[in-house]
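Have a go at each task before you read its solution.

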Amino acid sequence: MVERVPESINFPSEEEKIMTFWKDKDCFQECLKQSKNRPKYTFYDGPPFATGLPHYGHILAGTIKDVVTRFAHQSGFHVDRRFGWDCHGLPVEYEIDKTLGIKGPADVAKMGIAEYNKQCRGIVMRYSSEWETAVKRMGRWIDFDNDYKTLYPWFMETVWWVFKQLYDKGMVYRGVKVMPFSTACNTPLSNFEAHQNYKDVQDPSVIVNFPLVGDEDVSLIAWTTTPWTLPSNLALCVNPEFFYVKVKDNATEKTYILMEARLGALFKSESEYTILDKFQGKTLKGKKYKPLFPYFAKCGEQGAFQVVLDNYVKEEEGTGVVHQAPYFGADDFRVCTEYKIIARDQAPICPVDASGCFTSEVTDFVGQYVKVSDTSDIYM
């Protein structure tokens, strides 16, 4: 018999009635029993961390996943749906480090890997009950009792087995990519991890002179907010289409080259300088300049310490001349690779260790933490 639809409906209470009906009839498990002899449909789900509470992104993605698996079931397939938990990575370690006051790898070594892992395992399921409540309240059908965790040895061994199969088939290669890096944890970060504790901070900016080879009275003026990368400088980049000027500083009598639109970054008023020449950036292509530091002077034999061109240089900030440290910036790496200043398969020119300290190549500041260098006399 068809029930009358009331004039006003309380949707939350109706949803709760449906959830009670599903629970009383054990609908999800009954569907799995009825479909067990059908062809299998495998759905690979990216599991969430249980160290944090579910948010809008999880709810949206979970709803879409539920639609896909329900449709597969209704299309004649058997669909095992097991909830998973991601127990690896920095979200877990970050919580433990914060709780125990761990500052770096030395503290972990002092504690012992076994104890550190034990502490991490103790919190990986911190919010599992809240997750189960939220996922079920969304109406998603998925098995929490027969879940899986990425910390299970069989799971990790399976991932390594799959990787080995890909490697044996020649489908794995080694490459170089500029990535976010945590000097506290001594590890690269995914973009997701890098944004978890993202903060706006004040960094020093410096303007640096790079005298031209053969005309040392003229200097290219570059600007950077990462002065600790200057020891790794291998090129300077300008925009080929924008206009640049050679100007004389009326106070010091020194001559500089920078983007016309960025004169205000160096001078407060027009009376402070005299324009000697004006030209497009592409005119500067291939111009050689003196390295700021001697640490990697030999790279000049491979084409380093020259002016290169790229449209990523903008006129909104800086001087229009961008310092290139290819292993500390994605654009720097791309541009220097295109100009064959570096090669993808060469040893990286990266004089900073995993703890963020200058290595032996930077002889004047070896062992010094790079961010401390921002306020030291290294650039004075």
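A salt bridge here is a side-chain nitrogen of Lys or Arg within 4 Å of a carboxyl oxygen of Asp or Glu. Keep in mind that this is a predicted model.

**Exercise 1.** Find out how many salt bridges the structure holds.

*Solution.* Start with the idea behind the search: side chains of opposite charge can pair when their charged atoms come close. Apply the cut-off, and the structure turns out to hold 17 salt bridges.

**Exercise 2.** Check the pair Glu15 and Arg137: which parts of the chain does it link?

*Solution.* First, the distance. The closest N and O atoms of Glu15 and Arg137 are 2.9 Å apart, and the two form a salt bridge. Next, the location. Glu15 sits in helix H1 (residues 11–25) and Arg137 in helix H7 (residues 128–137), so this pair links distant parts of the chain, 122 residues apart. Last, the surroundings. Glu15 has a relative accessible area of 40%, which makes it partly exposed, and Arg137 is partly exposed too, at 32%.

**Exercise 3.** Work out where Glu216 and Lys290 lie.

*Solution.* The two residues form a salt bridge, and their closest N and O atoms are 3.9 Å apart. Glu216 belongs to strand S6 (residues 215–224), and Lys290 to the loop between strand S10 (273–280) and strand S11 (306–309), so parts 74 residues apart in sequence get tied together. Glu216 is partly exposed at 49%, and Lys290 also counts as partly exposed, at 38%.

**Exercise 4.** Which residues do salt bridges with shared partners join into one network?

*Solution.* Follow the shared partners, and you get one network of Asp310, Asp331, Arg334 and Glu338.

**Exercise 5.** Look up what UniProt lists for residues 18–248, then describe the span.

*Solution.* The unreviewed UniProt entry lists "domain: Aminoacyl-tRNA synthetase class Ia" there. In the model, the span is 41% helix and 18% strand, and its end C-alpha atoms lie 79 Å apart.

How values were computed. Residues are numbered from 1 along each chain as its sequence is written. This is a predicted model: local features need pLDDT of at least 70, side-chain atom pairs count only at pLDDT 80 or more; totals for chains, interfaces and linings use all residues. Side-chain values use heavy atoms; hydrogens and water are left out. UniProt positions are given in the numbering used here, feature names are shortened, and annotations may be inferred rather than shown by experiment. Helices (H or I, at least four residues) and strands (E, at least two) are DSSP runs, numbered from the N terminus. Buried means under 20% relative accessible area, exposed over 50%, partly exposed in between (1.4 Å probe, protein chains only).
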